[in-house]
Amino acid sequence: MKKQKLPEIKKVDCSVEGIIEIISDHKRIISENDSALVIIIIAGWCGNCQIMAPILQNLAFQYRGKIKFVMVDADTSEEIGKAYDLDVLPLFLFFNKNSLIDQSKGTVPSSLLNKKMKALIEVSSNNKSFN
């Protein structure tokens, strides 16, 4: 059976009126971060990324002002993929200050991401451990 190629989109457009920022320098964002941060690694050709885009947009609206959301294109920033053992897209990286505290891979139910966002806010505001 011939493998069907998904239509390519220029970017998985999750940028929502400046709520989700698209970056290329993840190290700078992490080192300068002083609160709750979610980095989402995506690719334009990724079907799972396209599926997750509306969920991500909703979460970004829900948590705006509480969590900073940034996206990194895996194809233009291969270094981040190597740094976080990227094997499935999208990859969600949850940071408190500049420390990675959790991650999720692939298509993830919005309820699970919501739970992780709430836990991230709690950790960030109380400096508790994530577990």
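Tutor: Happy to. Ile101 counts as partly exposed, at 25% relative accessibility; buried means under 20% relative accessible area, exposed over 50%, and partly exposed in between, with a 1.4 Å probe and protein chains only. A word on the source: this is a predicted model, where local features need pLDDT of at least 70, side-chain atom pairs count only at pLDDT 80 or more, and totals for chains, interfaces and linings use all residues. Residues are numbered from 1 along each chain as its sequence is written, and side-chain values use heavy atoms, with hydrogens and water left out.

Student: Thanks. Where does Ile101 lie?

Tutor: Ile101 is in strand S5. Helices (H or I, at least four residues) and strands (E, at least two) are DSSP runs here, numbered from the N terminus. Ile101 and Leu120 are 19 residues apart in sequence, and their C-alpha atoms are 8.4 Å apart in space.

Student: And the whole protein, how many helices and strands are there?

Tutor: The protein has four helices and five strands. Starting at the N terminus, the order is β-α-β-α-β-α-β-β-α. Of its 131 residues, 44% count as buried. If you take contacts (heavy atoms within 4.5 Å) between residues at least 6 apart in sequence, 70% of them join residues at least 24 apart.

Student: OK, new topic. How many salt bridges does the count come to?

Tutor: Four salt bridges, where a salt bridge is a side-chain nitrogen of Lys or Arg within 4 Å of a carboxyl oxygen of Asp or Glu. One of them joins the side chains of Lys27 and Glu79, at 2.6 Å from N to O. That pair links distant parts of the chain, as Lys27 sits in helix H1 (residues 26-32) and Glu79 in helix H3 (residues 78-83), 52 residues apart.

Student: Are Lys27 and Glu79 exposed or only partly exposed?

Tutor: One of each: Lys27 counts as exposed because its relative accessibility is 52%, and Glu79 counts as partly exposed because its value is 42%.

Student: What about the Glu32 and Arg28 pair, how far apart are they in helix H1?

Tutor: Glu32 and Arg28 are four residues apart in H1, about one turn of the helix. Their side chains form a salt bridge with an N to O distance of 3.2 Å. Glu32 is exposed at 54%, while Arg28 is partly exposed at 36%.

Student: And which parts does the bridge between Asp87 and Lys105 tie together?

Tutor: The side chains of Asp87 and Lys105 meet at 2.9 Å, N to O. Asp87 is in the loop between H3 and strand S4 (91-96) and Lys105 is in strand S5 (residues 99-105), so the bridge ties together parts that are 18 residues apart in sequence. Asp87 is exposed, with a relative accessible area of 56%, and Lys105 is partly exposed, with 33%.

Student: Now helix packing. At what angle do H2 and H4 pack?

Tutor: Helix H2 (residues 47-62) and helix H4 (residues 110-126) pack at about 30°, and their axes are 11 Å apart. Axes are lines fitted to C-alpha atoms, for helices over the stretch in contact, with angles from 0 to 180 degrees between N-to-C directions. So H2 is roughly parallel to H4: angles under 35 degrees count as roughly parallel, over 145 as roughly antiparallel, 65 to 115 as roughly perpendicular and the rest as oblique.

Student: Which residues make the contact?

Tutor: From H2, Met52, Ile55, Leu59 and Gln62; from H4, Ser110, Leu113, Asn114 and Met117. They divide into five nonpolar, three polar and no charged. Here Ala, Val, Leu, Ile, Met, Phe, Trp, Tyr, Cys and Pro count as nonpolar, Asp, Glu, Lys and Arg as charged, and the others, Gly among them, as polar.

Student: Last one: is Ser77 buried or exposed?

Tutor: Ser77 is buried, with a relative accessible area of 7%. Ser77 lies in the loop between strand S3 (68-73) and H3. Apart from neighbours within four places in sequence, Ser77 is in contact with Ser24, His26 and Val72.
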